[in-house]
Amino acid sequence: MRLTNFTRAFGDNVIISDLDLEIGKGEFVVLLGRSGSGKTTLLRTLAGLDDATGQSVRIPGSRAVVFQDARLLPWKKVWRNVALGLRGLTGLVRDKAERALHEVGLGHRLDAWPLTLSGGEAQRVALARALVREPELLLLDEPFSALDALTRLKMHELTLALWQAHRPAVLMVTHDVDEAIALADRVLVLDQGRIVTQERITAPRGERSDVARGLRQRLLSALGSGAEHASVIPFRQSHEAFA
């Protein structure tokens, strides 16, 4: 996906200004930013929820979103929530939903009602619902922020395993710097609608302790300073890779 000189304004209020962003096939990108930085507006555009007519926006037709809230329909059983929007014979659709639920470790909860699920289980259903469509672009909007620490770590492992199996391009929004460092190929900081920092991480996941301290400090510094105090880094500029 690619945005070029993308701008979004509501009246005189400019939310995103001349943003260039590209995410390669199979790349895992994490977006950090304070409240009001433009993260939600950007995600809505990429999800196709906001009109981008007249702008240079190239996004794949096949995309899916996982929100902070699992947004399951309580009157439909788990497998039917996963199968929402899938077309075809009921038996074939159920088979797809079952395979997706087995992938996220919920093969035993196919006929459960959503209200009987834990928070972590509900988010796993949401992941299954997104991935059953084999999206080229997967958008994750703070999907783990409401989970306890242990469940969150388990969801990190599951998300990475699913990403490696399916290889969609991923853009994940989070407020958690450590989560960004643990998961991303590349971390972006958005401030006042512009990318003010980019960091590419080449160290293998699970072996990033040596680079995490310095990287965390730089990211927190970027998050704590306004755009007027930070130099805007064009997307195409090459950045130091950490190994």
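Guide: Let's go for strand S3, where both faces are covered: Phe28, Val30 and Leu32 on one side and Val29 and Leu31 on the other are all buried. Keep in mind as we go that this is a predicted model. That split into two groups has a simple background: in a regular strand the side chains alternate between the two faces of the sheet. S3 covers residues 28-32, and five of the five are buried, so the strand is largely enclosed by the rest of the structure.

Now, what are its partners? Strands of a sheet pair through backbone hydrogen bonds, either parallel or antiparallel. S3 pairs with strand S7 (residues 169-173) in the parallel sense, over four bridges. If you want a spot to look at, find Leu31, which stands opposite Val173 in S7. S3 is also joined to strand S8 (residues 186-191), again by four bridges, and these two run parallel. Here the pair to look for is Val30, which stands opposite Val187 in S8.

Next, zoom in on Phe28. Setting aside its neighbours within four places in sequence, Phe28 is in contact with a whole list of residues, including Leu140, Leu160, Trp163, Val170, Met172 and Leu183. Also among its contacts are Asp185, Arg186 and Arg205. Phe28 belongs to the largest nonpolar core, which has 54 residues, and Phe28 and Leu101 are the ones with the most contacts inside it. The largest share of this core, seven residues, comes from helix H4 (residues 119-131). The core also takes in at least three residues from each of domain 1 (2-62 + 135-225) and domain 2 (75-133). Besides that one there is a second, separate core of 22 residues, with Met1, Ile23, Leu171 and Leu190 among its members.

S5 has a covered face, made of Ala64 and Val66, and an uncovered one, made of Arg63 and Val65. S5 is joined by four bridges to strand S6 (residues 137-141), and the two run parallel. Within S6, the bridge partner of Ala64 is Leu138.

For antiparallel pairing, look elsewhere: three strands form an open sheet in the order S2-S1-S4. Strands S2 (13-22) and S4 (56-58) stand at its edges with a single partner strand each, so one side of each has no neighbour in the sheet. From one strand to the next, the twist averages 35°. S1 (residues 2-10) and S2 run antiparallel and are joined by six bridges; one place to check is Ala9, opposite Val14 in S2.

One last stop is helix H1 (residues 39-46), which is mostly covered, with six of its eight residues buried. Those are Lys39, Thr41, Leu42, Leu43, Thr45 and Leu46. After H1 comes Gly48, whose phi is positive, near 80°.

And the wider setting? An unreviewed UniProt entry places the feature "domain: ABC transporter" at residues 1-217. That span is 34% helix and 25% strand, and its end C-alpha atoms lie 29 Å apart.

Note on methods
Residues numbered from 1 in each chain as written. Predicted model: local features only at pLDDT ≥ 70, side-chain atom pairs only at ≥ 80, totals over all residues. Heavy atoms only, no water. Core = buried A, V, L, I, M, F, W, Y, C linked by side-chain atoms within 4.5 Å. Buried < 20%, exposed > 50% of the residue type's maximum accessible area, 1.4 Å probe, protein only. Domains from an automatic or database assignment. Contact = heavy atoms within 4.5 Å. Pairing = 2+ DSSP bridges. UniProt positions renumbered as here; feature names shortened; annotations may be inferred. Axes fitted to C-alpha atoms, helices over the stretch in contact; angles between N-to-C directions.
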